[in-house]
Amino acid sequence: MIRILAVLAAFAFATPALSQALPAGLDKDNAIVIDTTKGRVIFKLRTDLAPKHAERMKLLARDGYYNNVPFHRVIEGFMAQTGDGQRFNGTGGSKYPNLPAEFSSVPFKRGIVGMARSSEPNSANSQFFIMFADGSFLNNKYTVVGEVVSGMDVVDKIKRGEPVQDPDKMVKVQVASDIK
């Protein structure tokens with residue numbers, strides 16, 4: 001019995017982010033919770049702007065596709081990119097087909113979550129990025145899929161590089177409503 005309690009206590013100490021409360025008023029069915037090696041990041045999905053991309057992110061989170069995936073491209077003053085659960089280096093996508101662009105007039109600014117793509121507008125699949133700062137040159141050219149509501153201080157701590165050496169990772173990614 002003492003051994004079981006010791007194991008449970010060790011687990012609780014090692015994973016404090018899992019016990020953190022979600023922001024009040026958050027639509028848990030349309031929010032992504034990312035426990036990273038630096039802490040927890042939560043973003044609301046913009047289903048009003050990019051319903052197909054939002055559904056894809058929820059599908060991949062539920063598939064476990066994003067778990068233990070590195071932030072492979074992190075550029076100071078620009079963005080932190082992740083989401084390649086296939087090759088872990090920014091060259092892969094998921095088993096699902098690419099998505100059609102869902103561009104909007106919402107500006108790329110600090111905290112916006114955008115879908116990564118190739119030079120082909122309809123090539124977004126699984127990879128996404130979180131903006132460190134304004135990036136107006138992306139406006140109307142990339143899909144805005146979400147916005148960070150908690151944890152930008154965590155995003156700011158992610159190790160930089162292109163590619164990143166010994167990168168930080170998304171340890172566990174969940175749809176907020178799935179967290180028990």
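A polar atom of the Arg56 side chain lies 3.3 Å from the backbone oxygen of Asn125. This is a polar contact (a pair of N or O atoms within 3.5 Å; within protein, one must be able to donate a hydrogen and the other to accept it, and residues adjacent in sequence count only if both atoms are side-chain atoms). The model is predicted: local features need pLDDT of at least 70, side-chain atom pairs count only at pLDDT 80 or more, and totals for chains, interfaces and linings use all residues. Residues are numbered from 1 along each chain as its sequence is written, and side-chain values use heavy atoms, with hydrogens and water left out.

**Arg56**

- Arg56 sits in helix 2, residues 51-63. Helices (H or I, at least four residues) and strands (E, at least two) are DSSP runs, numbered from the N terminus.
- Arg56 has a relative accessible area of 7%, so it is buried. Buried means under 20% relative accessible area, exposed over 50%, and partly exposed in between (1.4 Å probe, protein chains only).
- Not counting residues up to four places away in sequence, Arg56 touches Ser94, Tyr96, Pro97, Leu99 and Asn125. Contact means heavy atoms within 4.5 Å.
- Leu99 is 43 residues from Arg56 along the chain, and their C-alpha atoms are separated by 8.7 Å.

**Ser94**

- Ser94 belongs to the loop between strand 5 (79-82) and strand 6 (112-115).
- Ser94 counts as buried because its relative accessibility is 14%.
- The side chains of Ser94 and Asn125 make a polar contact at 2.7 Å.
- A polar atom of the Ser94 side chain also lies 3.1 Å from the backbone nitrogen of Tyr96.
- Leaving aside neighbours within four places in sequence, Ser94 contacts Arg56, Leu60, Tyr65, Asn125 and Ser126.

**Strand 5 and its partners**

- Met79 and Gln81 point one way from strand 5, while Ala80 and Thr82 point the other way; all are buried.
- Strand 5 pairs with strand 4 (residues 73-75) in the antiparallel sense, over three bridges. Two strands pair if DSSP finds at least two bridges between them.
- Met79 in strand 5 is the bridge partner of Ile75.
- Three residues separate strand 4 and strand 5 in a hairpin, and Gly77 in the turn has a positive phi of about 75 degrees.
- Strand 7 (residues 128-131) runs antiparallel to strand 5, and four bridges join them.
- Ile130 in strand 7 is the bridge partner of Ala80.
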